[in-house]
Amino acid sequence: MTTERLSAFEAVNRYFADAARLIELDDDMARILTTTYREISVQVPVRLDDGSLIVAQGYRVQHNGARGPYKGGIRYHPDAGLEEVRALASLMTWKTALVDVPFGGAKGGIAIDPSGMSQAELQRMTRRFAHGIAHVIGPYRDIPAPDMNTNAQTMAWVMDAYGQGHGYTPAIVTGKPLGLGGAPGREAATGRGVIDVLAAHAERTGMELAGTTVAVQGFGNVGSFAAMHAAQRGCKVVAVSDQWGAIRNDAGLDVDAIATTVKAGAKVVEADGDHEVITNDELLAGPCDVLIPAALDEQLHQGNAADVQARVVVEAANYPTTPTADDILVDRGIVVVPDVLANAGGVIGSYFEWAMNVQQFQWKEERFNAELADKLRVAYAATAAFAESHSCTLRQASFAIGIQRVADASRLRGYI
Ligand code: NAD
C-alpha cells in the first residue's frame with residue numbers, strides 16, 4: 001500500500017507504473033512518458049476593479065504530443081500548482097489515447113480563487129494568461145478547453161485574445177459558446193458521457209440502471225449534467241453537493257429543478273424541495289449504489305475510503321481518488337471506473353467540436369450524442385476486455401491501453 005504523501009503527479013505515475021508492468025513497457029520509454037515535454041509558468045498580473053493589483057501565477061504543461069496536438073483544460077483554482085497541472089496533463093495523454101482521439105495531453109491553470117471576481121476582472125486575467133501562453137498553443141499545436149471554474153465565456157476570451165495575433169481561429173479552443181463555433185452537445189458531453197460509461201458498465205455486469213441509487217459530489221458542469229442524465233436513464237439521484245454543502249433525499253431528488261436553481265446563482269443547499277442538508281463527507285460515505293465524485297482531486301483518500309458504501313465509484317472528476325484510497329476500494333471489492341474513461345466524454349466532445357471548426361461544418365446534436373456514446377462504448381468494452389484477460393482493475397486496464405498507444409506513437413516518431 002502506498003503512502004498519502006505523493007504529489008498528484010507522483011500519484012498518477014504510480015497508476016502509470018502499475019499499468020506499465022502489465023504491458024512490460026521498457027524503462028527508457030517509461031522515463032519519457034513519466035516526465036513532461038514542455039512546461040510554462042507565466043506571471044498573470046490582474047488589476048482589480050477597485051484599483052488594487054493581484055499577481056497570480058499561470059501554468060500550461062504539455063505532457064506528450066506523439067498522437068496529435070496537445071489537448072486539455074484550463075482551471076482557475078488556488079491549488080492549481082505545477083505538480084497538479086503536470087498530473088492532469090499526463091491524465092489527458094492516457095485519456096485521449098484510450099478513447100482514440102488524435103490528440104496528446106496538456107493542462108493549464110491559474111493559481112487563484114476566482115469566486116467573487118467580476119466578469120471584467122476574469123476577462124482581464126484570462127486575456128493576460130492567453131497572451132502569456134499564445135506562443136505555445138495553436139489549433140494544430142495545443143488546444144485549451146474549460147475545466148474547473150472556467151466555462152464557454154472563458155474560452156471565448158481565449159479565442160479572441162489569440163485571434164488578435166493570429167486572425168479568426170475558432171479551433172484554438174473547444175467548449176466555446178454556440179455562437180462562436182461551439183458544438184451543440186459539448187456543454188453536456190462530459191456529464192452525459194459519465195452516464196454513457198456507467199450504462200456500458202451496467203450492461204456488461206448485469207446491473208439494472210433503473211432504480212440504481214446515485215450520489216454526485218460537485219454540481220458544476222460535470223456533476224450537474226451527470227446527475228440529470230442519471231435521472232433521465234432511470235437512476236434515483238439521492239444526494240448532490242457543491243462546495244457549500246450537500247443535500248439528500250432517499251426517495252430521489254428533482255435534479256432538473258436543482259440545476260435550474262444552481263444555474264441562476266444559488267447554492268445546492270438553497271434549492272427548494274424535500275431533502276435534508278448533509279455535509280460533503282456524509283455524501284461520500286452515505287448509502288448509494290453508485291458514487292460519482294465530480295468536483296476536485298483527492299476527494300477519496302486514506303481517511304474516508306473505508307467508509308464508502310457504494311458498489312461502484314465512477315470518477316467524473318480528474319484524480320478524485322488517491323492511490324491509497326484506490327487500494328482500499330479495490331480490496332473492499334468496490335469497482336472504480338477510472339477518470340480517464342469515465343470523464344472522457346469531455347475530450348471526445350472537444351474533438352468533435354475541433355473537427356467541426358477545422359472543416360467549417362456543423363453537426364446536429366443527435367449526431368454528436370450518438371457518436372459520443374459510440375466512442376465511449378468502444379473504449380469501455382476494450383477496457384473491460386483487457387481487465388478480464390489480465391485479471392486487473394479497470395484503472396490498470398485503461399492506463400495500459402492508453403500507454404501502449406502513446407508508446408507506439410512515440411517510438412514511431414523516433415522520440416527515443
Ligand atoms: P465546475 O467548476 O463547473 O464545477 C465544480 C463543482 O465542484 C462546483 O459545483 C463546486 O461547487 C464543486 N466543489 C468544489 N469544491 C468542492 C468540495 N470541496 N466539495 C464538494 N463540491 C465541491 O468544474 P467542472 O468542469 O464540472 O469539473 C469538475 C471535475 O471534472 C474536475 O475534476 C475537472 O477536471 C473534471 N473534468 C471536467 C471536464 C469538463 O468538460 N468541464 C472534463 C473532464 C473532466
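1. Glu 298 is partly exposed, since its relative accessible area is 34%, a value between the 20% limit for buried and the 50% limit for exposed. In this predicted model, Glu 298 sits in the loop that runs between β10 (290–293) and β11 (312–314). Its phi is positive, near 55 degrees, and the residue is not a glycine.

2. Asn 149 is another non-glycine residue with a positive phi, here near 65 degrees. The loop that holds Asn 149 lies between β5 (142–146) and α5. With a relative accessible area of 45%, Asn 149 is partly exposed.

3. Helix α5 (residues 152–166) packs with helix α4 (residues 119–133) at an angle of about 45 degrees, and the two axes are 9 Å apart. The crossing of α4 past α5 is right-handed.

4. Which residues of α4 meet α5? On the α4 side they are Gln 119, Leu 122, Gln 123, Thr 126, Arg 127, Ala 130 and His 131. Their partners in α5 are Gln 153, Thr 154, Trp 157, Val 158, Asp 160, Ala 161 and Gln 164. Sorted by class, the contact has five nonpolar, seven polar and two charged residues. As background on the spacing, an α-helix has 3.6 residues a turn, so residues three or four places apart point the same way.

5. Helix α3 has 17 residues, and the distance from its first C-alpha to its last is 24 Å, close to the 24 Å expected at 1.5 Å a residue. Of these 17 residues, 15 are buried, so α3 is largely enclosed by the rest of the structure. Just after the helix, Asp 100 has a positive phi of about 60 degrees.

6. Helix α13 covers residues 365–390, which is 26 residues. At 1.5 Å a residue α13 should span 38 Å, and the 37 Å between its end C-alpha atoms agrees with this. Ser 391 follows α13 and has a positive phi, near 50 degrees.

7. What covers the buried residues of α13? The covering elements include α1 (8–22), α3 (82–98), α6 (186–205), α11 (339–342), α12 (345–359) and α14 (394–412). The buried residues of α13 are Phe 368, Asn 369, Leu 372, Ala 373, Leu 376, Ala 379, Tyr 380, Thr 383, Ala 384, Phe 386 and Ala 387. Helix α3, one of the covering elements, is the helix with 15 of 17 residues buried.

8. Ala 385 also belongs to α13. Is Ala 385 buried or partly exposed? Its relative accessible area is 34%, so Ala 385 is partly exposed.

9. Thr 213 is placed in strand β6 (residues 213–217). It counts as buried because its relative accessibility is 17%, and the cut-off is under 20%. Leaving out residues up to four places away in sequence, Thr 213 touches Lys 236, Val 238, Cys 288, Asp 289 and Val 290.

Note on methods: Residues are numbered from 1 along each chain as its sequence is written. This is a predicted model: local features need pLDDT of at least 70, side-chain atom pairs count only at pLDDT 80 or more; totals for chains, interfaces and linings use all residues. Side-chain values use heavy atoms; hydrogens and water are left out. Helices (H or I, at least four residues) and strands (E, at least two) are DSSP runs, numbered from the N terminus. The expected span of a helix is 1.5 Å times one less than its number of residues. Buried means under 20% relative accessible area, exposed over 50%, partly exposed in between (1.4 Å probe, protein chains only). Contact means heavy atoms within 4.5 Å. Axes are lines fitted to C-alpha atoms, for helices over the stretch in contact, and angles run from 0 to 180 degrees between N-to-C directions. A crossing is left-handed if the near helix is turned anticlockwise from the far one by less than a right angle, and right-handed if clockwise. Ala, Val, Leu, Ile, Met, Phe, Trp, Tyr, Cys and Pro count as nonpolar, Asp, Glu, Lys and Arg as charged, and the others, Gly among them, as polar.
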